[in-house]
Every structure is written in structure tokens, then in C-alpha cells.
Amino acid sequence: MSSLSEIPTPTIRVRVPAKINLALCVGALGEDGYHPLTTVFQAVSLHDELIAQVDEPGTITVAMSGEGTDEVAADDSNLAVRAARLLAEQHGDEFGVRLSIKKSIPVAGGMAGGSADAAAALLACSVLWDLDVDPEELREYGAELGSDVPFALLGGTAIGTGRGDKLVPVLSRGAHHWVLAFADGGLSTPAVYRRFDELSPRGGSLEMPTELLNALAQGDSVELGKHLRNDLAEAAIDLRPSLQTTIDVGLDCGALGAMVSGSGPTVAFLCRNEEAAVALSTTLGVEGVARAVRRVAGPVAGARLITSCA
Ligand code: C5P
């Protein structure tokens, strides 16, 4: 007969991807303090992992390990804690959870790492607490926490409008091979947007990037490379001039296209195929233009349950 101490604590495990923006068209600052966007997200194969275990009612905590976690507060300001708390508040306060997050997505890297953890916490807690929430509702909660949270739940490739939280999935044929160049330290998203406002007070055009969408639908990496666009790149490079060197080296070494990822400072290079990505990541490593280099492919699924042990 098993003793009480051997009864397993209900545990949920979730894996959640990073995103890059293949297009990030930014309009002028609105009265709500946000910028209207037309963006094309792609989820890539760089994942954080979150484990959620039932805890005393009302107790919501997080522990973090891995990439850059010294810089993230593990208190009530943590986005994953806020996600769990929001869900608990909306569904009755008697829930508790112990979250632990293993980070691989760089902190403040322009890859929606914090949003990914919030998305993972929403999904994990909704299952752990057996809540009656559908994916659309979960994305609505996500939008309250951060503009990129709904996409971390959805995954794949999608157009985002509004703050980037209103999503429509788009067809993307085949796999795209990317090399990510991580920089030393992060960049603050609000600071990059503020610099954008100084450099482009009237904002950019919010037109749909049709050529880019056609390239995605055809699975044509060469065309895709020509149409990557990020309106925040100038501001990010202005705040971190070394990013231009990283971009130039990657393009000189045969990348099909290069862009700052989101608000930076990660740089994403599009490669013709996996072999080209291997060669480029080696060269970038040798040239020393990045803190670390990582090969990823996209698109991949959004936040997904891996195991559930009740
Ligand atoms: O939504 P999220 O919390 O991720 O946004 C972080 C900051 O980025 C906002 O406070 C705002 O300064 C800026 N932002 C913006 N326009 C957007 C998304 C984010 O100005 N569409």
C-alpha cells in the first residue's frame, strides 16, 4: 500500500516557442501608449519549458533556471505569476500553483521570452486546475498580459494587428532555416519604441506585406529573404550600434536575409537550407560578432502540453 507522501503531486509540463517577426510594420504612437502594428510572426524551434504543480490554495510562486534568469524577478511582477494569478482571479481564488521555468529563450532579446512564459503558465494552469476555458479565451487573457502572449499560444505563422494581439494564421509552406545571433545583454522594448518615436514620429506604413506573404505561401526562402522588414531595426541599432556589424557579417557570409528580431538585440538570419545554416553559425561563432549562436527552424507549434500527471 502506498503512503500519502508517495501520492504524486498533480504536475503539468508545457513547452512554448520563441517568435521572430518576419515583418514588423509600426505606426505612430497611439493615445493608449501603444503603437498599431501589422506584423507577421513565426514561431521557431527555441523553447522554454514550464512545469506547474498544485500548491496550497492562494499560493502562486515561480522558480527560474537557465538563460539570463538572474535578470528576471521571481516575485509577483513575474509575467508567469501574473498569468496564473489572472486565471485564478477569473475562476475563483482558491487555486495555488508552484511554477518552475527552464529558460532557453533569451531575456529581453526581442523573441517574446517573457510572453512565452506567460502563455505557458496560462495553458498549464488551465489544465492543472481543470478550468473550462477554450483557446480563444486563453488568448484573450494573454492579450491582457502582453501583446505577444496570444501568439505564443497560437504558434505557427500568423499576421498580428492591433498591438500584435489580433491574430490570423497564414499559410507558410515548408520549413525555414534561421540562425539566431544572441547579443550580450538585452534591450528594453519600451526604450526601443521610444527611440523609434524620436526617429520616426509619424510612424511607418501599416500596409499588409503582400510580397512577403506570397513568398511564405510558396515556401520560397530566397523571396522571403528579400522582403523581411522591421521598422524597429533602426532604433535598436541606434541603441546598440554593434548589431549592424553582426548583420553585415552574416549577409557577407551568404545569409538570404537578416533582421533584428522584434525590438532586438537578437539578430535572425534566414538561410537557404540546413547546411547553409550550419556553415553560417560556424562563421558567426568564429567572427565573434555574437555572444552565442543558435540554429532554429520555423514554423513550429505554439504552447503545447508535453506531459500531464494527475
Ligand atoms: O505589450 P507588452 O507588455 O509586451 O509591451 C511592452 C511595451 O512595448 C509597452 O509598454 C509599449 O511601450 C511597447 N509596445 C508598443 N506598441 C505595441 C506593443 C508594445 O508601444 N504594439
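**Note on the predicted model: ligand site, domain contact and backbone geometry**

1. In the ligand site, the side chain of His35 places an N or O atom 2.6 Å from an oxygen atom of the ligand. The structure discussed here is a predicted model. Arg163 takes part through its backbone: a backbone N or O atom of Arg163 is 3.3 Å from a nitrogen atom of the ligand.

2. Which residues are around the ligand? They are Gly33, Tyr34, His35, Leu37, Gly146, Ser147, Arg163, Thr189, Pro190 and Tyr193. The reader may wish to locate each of them in the structure before going on.

3. Arg163, one of the residues around the ligand, also forms a salt bridge with Asp32, with 3.5 Å between the closest N and O atoms. This pair links distant parts of the chain, 131 residues apart. Arg163 is in the loop between E5 and strand E6 (166-169), whereas Asp32 is in the loop between E1 and E2. Side chains of opposite charge can pair when their charged atoms come close. The count of salt bridges comes to 14.

4. The domain assignment divides the protein into domain 1 (10-169) and domain 2 (176-298). Taken over C-alpha atoms, the centres of domain 1 and domain 2 are separated by 23 Å. To the contact between them, domain 1 gives 31 residues and domain 2 gives 41 residues.

5. How much area is buried between domain 1 and domain 2? The value is about 2,600 Å², and carbon and sulfur atoms give 63% of it. On the side of domain 1, Leu22, Leu24 and Val26 supply 20% of the area buried against domain 2, more than any other three residues.

6. Polar and charged pairs also occur between the domains. Between domain 1 and domain 2 there are 14 residue pairs in polar contact. The elements of domain 1 that give two or more residues to the side touching domain 2 are strand E1 (11-26), strand E2 (37-54) and strand E5 (157-161). By residue type, the side of domain 1 that touches domain 2 has 19 nonpolar, ten polar and two charged residues.

7. The count of salt bridges between domain 1 and domain 2 is one. Elsewhere in this note the pair of Arg163 and Asp32 was described; a further salt bridge joins the side chains of Arg291 and Glu67, at 2.8 Å from N to O.

8. Some points of the backbone deserve a check. Most residues other than glycine have a negative phi, and most peptide bonds are trans. Where do cis peptide bonds occur in this model? One joins Gly264 and Pro265, with omega about 5°, and Pro265 is placed in the loop between strand E9 (257-260) and strand E10 (267-271). Another joins Gly298 and Pro299, also with omega about 5°; Pro299 lies in the loop between strand E11 (292-298) and strand E12 (304-309).

9. Ala108 is not a glycine, yet its phi is positive, at about 50°. Ala108 is found in the loop between strand E4 (97-103) and helix H2 (113-128).

Definitions and conventions. Residues are numbered from 1 along each chain as its sequence is written. This is a predicted model: local features need pLDDT of at least 70, side-chain atom pairs count only at pLDDT 80 or more; totals for chains, interfaces and linings use all residues. Side-chain values use heavy atoms; hydrogens and water are left out. Domain bounds come from an automatic or database domain assignment. Contact means heavy atoms within 4.5 Å. Buried area is the accessible area (1.4 Å probe) that two parts lose on being put together, summed over both. A salt bridge is a side-chain nitrogen of Lys or Arg within 4 Å of a carboxyl oxygen of Asp or Glu. A polar contact is a pair of N or O atoms within 3.5 Å; within protein, one must be able to donate a hydrogen and the other to accept it, and residues adjacent in sequence count only if both atoms are side-chain atoms. Helices (H or I, at least four residues) and strands (E, at least two) are DSSP runs, numbered from the N terminus. Ala, Val, Leu, Ile, Met, Phe, Trp, Tyr, Cys and Pro count as nonpolar, Asp, Glu, Lys and Arg as charged, and the others, Gly among them, as polar. A residue is near a molecule or strand if one of its heavy atoms lies within 4 Å of it.
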